[in-house]
Amino acid sequence: MAKLQRQLFELERAFIAGATTLVPRVGEPELKYLICQHVWESAGHGRFLRERGRELSGFGKSDSISDEIWKIFHEAAVANDEDKALAGFYRVLKPHLLATYRHYLETTHHLADWPSRKLVEEFISDEERHLEEIEPWLKSSDAIQAWCGHLRVALTSLPRSASKTPAIELPDSFRWFHAESPYQHPETCNRAPYPTCSSVFSEDPKETPIVRAWLQDPQTDPRTIRAMIYVWLMMELDAVDYLSTVFVETLQAPFDLHHDLARHLWDESRHSQFGFRQLPKLGFDLMTVEHSLDLYNILVKMPPAERYAMMTMEFEAGSFPIKAHIMDRVRELNDFEADTLLAFDRNDEQNHVRYGHQWLPTIMKLCGHEEPVEDFVKSTQANFAKMAELHGGKTPHALAPEERLTGEKILAGIS
Ligand SMILES: [Fe+2]
Ligand SMILES: [Fe+2]
């Protein structure tokens, strides 16, 4: 049973590292949010499995994913389009995980293994719900079916420890695509069907929805501030896309690191939802809100440890004073929901900075950076400035000024 728990733990870990590669590739924010939620729930399953597993001898001391499991998830990640990739993870790998949980329930002893059973029953209902939640997003075509067939064959190479079903040898004709071209992050993130741009921040109310000076100006109407902070929060979708890229590049990380990254990812997806759900309620049409791609485009060109350092030590650590001011201004509106969302955002961000202090040294070590953290953060900031010159500002406005949401339109929209 401990071996089977171990396999479940590794499948959950592999799902976290593999499914996060879907996030920048799928366009719809709702789908990105859903994947982040599933990844976070998987991290919870993984943590409980490990906790229980460690009470049993035979679970093993290490946290790592075995090569034989990872290679199947890696294979799923190299699908050549996002619909195939999504179907591979959710029509083949997740059902395999669910079947393995069910197998566990069928074979374990109802009394001796009662504590694990209770957990597994819970996880099965989560897994069933995940499959229901994803169903509307899955597409069908011959190519998708063929890809899923390919992954099902790949899965037969896994030994089933507890069922004693031996691994089946793959046919000679079987080709591992990831062995020929390993997974690589997309150069830019997908936001279809929404319009895109480089940045939503500027000083020009005719150009972008967030006008920096207006955020600070005591004369600004608090309703304008509220709309601008919702745009800001919605744009934390860039953090969702670039944080997703860190998992697969830190496969050797301790599980606790990926657990906290998964929490961080889910938090950012919630922050983005705060804006995505509130803006339409205030009368703003989401199809007029351009999505900013600069941060993803720049950060994906930097090594993963630098990406994580910029995020936690620079963007998040530096955001508190302005966000505190925004919270004060929004409070003038007696909008309890807005206050609540902003309070949760601030609380989460404090945790993210804590994660940064805790995990940056580990990510640095994993990625071969030996210098002191402080020096690394300094050189990262310099590299970011260089990369921003090279790769920033390259996404033109998808919409003409009269079509897109700008500071001026927000001003007109609130009065
Ligand atoms: Fe956030
Ligand atoms: Fe954050």
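This is a predicted model: local features need pLDDT of at least 70, side-chain atom pairs count only at pLDDT 80 or more; totals for chains, interfaces and linings use all residues.
**Domains**

The protein chain is divided into domain 1, covering residues 2-180, and domain 2, covering residues 196-414, and the C-alpha centres of domain 1 and domain 2 lie 31 Å apart. Across the boundary, 22 residues of domain 1 are in contact with 22 residues of domain 2. On the side of domain 1 that touches domain 2, α1 (2-19) and α2 (29-53) each supply at least two residues, and α2 gives the most to this side, with eleven residues. Sorted by class, the side of domain 1 that touches domain 2 has twelve nonpolar, five polar and five charged residues.

**Helix pairs**

Two packed helices are described by the angle between their axes and the distance between the axes.

| Helix pair | Axes come within | Crossing angle |
|---|---|---|
| α4 (residues 82-107) and α5 (residues 114-134) | 9 Å | roughly 155 degrees |
| α1 and α11 (residues 255-281) | 11 Å | roughly 50 degrees |
| α10 (residues 237-248) and α13 (residues 304-316) | 9 Å | roughly 140 degrees |

The axes of α4 and α5 cross at roughly 155 degrees, which makes α4 roughly antiparallel to α5, because angles over 145 degrees count as such. In this pair α4 passes α5 in a left-handed crossing. From α4 the contact draws on Tyr-90, Lys-94, Leu-97, Leu-98, Tyr-101, Arg-102, Tyr-104 and Leu-105, while α5 contributes Arg-117, Val-120, Glu-121, Phe-123, Ile-124, Glu-127, Glu-128, His-130, Leu-131 and Ile-134. By class, the contact of α4 with α5 has eleven nonpolar, one polar and six charged residues.

The C-alpha atoms of Ile-124 and Thr-100 are separated by 9.7 Å, although the two residues are 24 residues apart along the chain. Ile-124 has 16 other C-beta atoms within 10 Å and is therefore partly exposed, since a buried residue would need 20 or more and an exposed one 12 or fewer.

The axes of α1 and α11 come within 11 Å and cross at roughly 50 degrees, and α1 is therefore oblique to α11. The crossing of α1 and α11 is left-handed. Here Arg-13, Ile-16 and Ala-17 in α1 meet Phe-255, His-258 and Ala-262 in α11, and by class the contact of α1 with α11 has four nonpolar residues, one polar and one charged.

For α10 and α13, the axes come within 9 Å and cross at roughly 140 degrees, and α10 and α13 are therefore oblique to each other. As α10 passes α13, the crossing is left-handed. The residues that meet are Ala-239, Tyr-242, Leu-243, Thr-245 and Val-246 in α10 and Pro-304, Arg-307, Tyr-308 and Met-311 in α13. By class, seven nonpolar residues, one polar and one charged make up the contact of α10 with α13.

Key:
Residues are numbered from 1 along each chain as its sequence is written. Chains are lettered from A and ligands numbered from 1 in the order in which they are written. Axes are lines fitted to C-alpha atoms, for helices over the stretch in contact, and angles run from 0 to 180 degrees between N-to-C directions. Helices (H or I, at least four residues) and strands (E, at least two) are DSSP runs, numbered from the N terminus. Angles under 35 degrees count as roughly parallel, over 145 as roughly antiparallel, 65 to 115 as roughly perpendicular and the rest as oblique. A crossing is left-handed if the near helix is turned anticlockwise from the far one by less than a right angle, and right-handed if clockwise. Two residues are in contact if their C-beta atoms, placed from the backbone, lie within 7 Å. Ala, Val, Leu, Ile, Met, Phe, Trp, Tyr, Cys and Pro count as nonpolar, Asp, Glu, Lys and Arg as charged, and the others, Gly among them, as polar. Domain bounds come from an automatic or database domain assignment.
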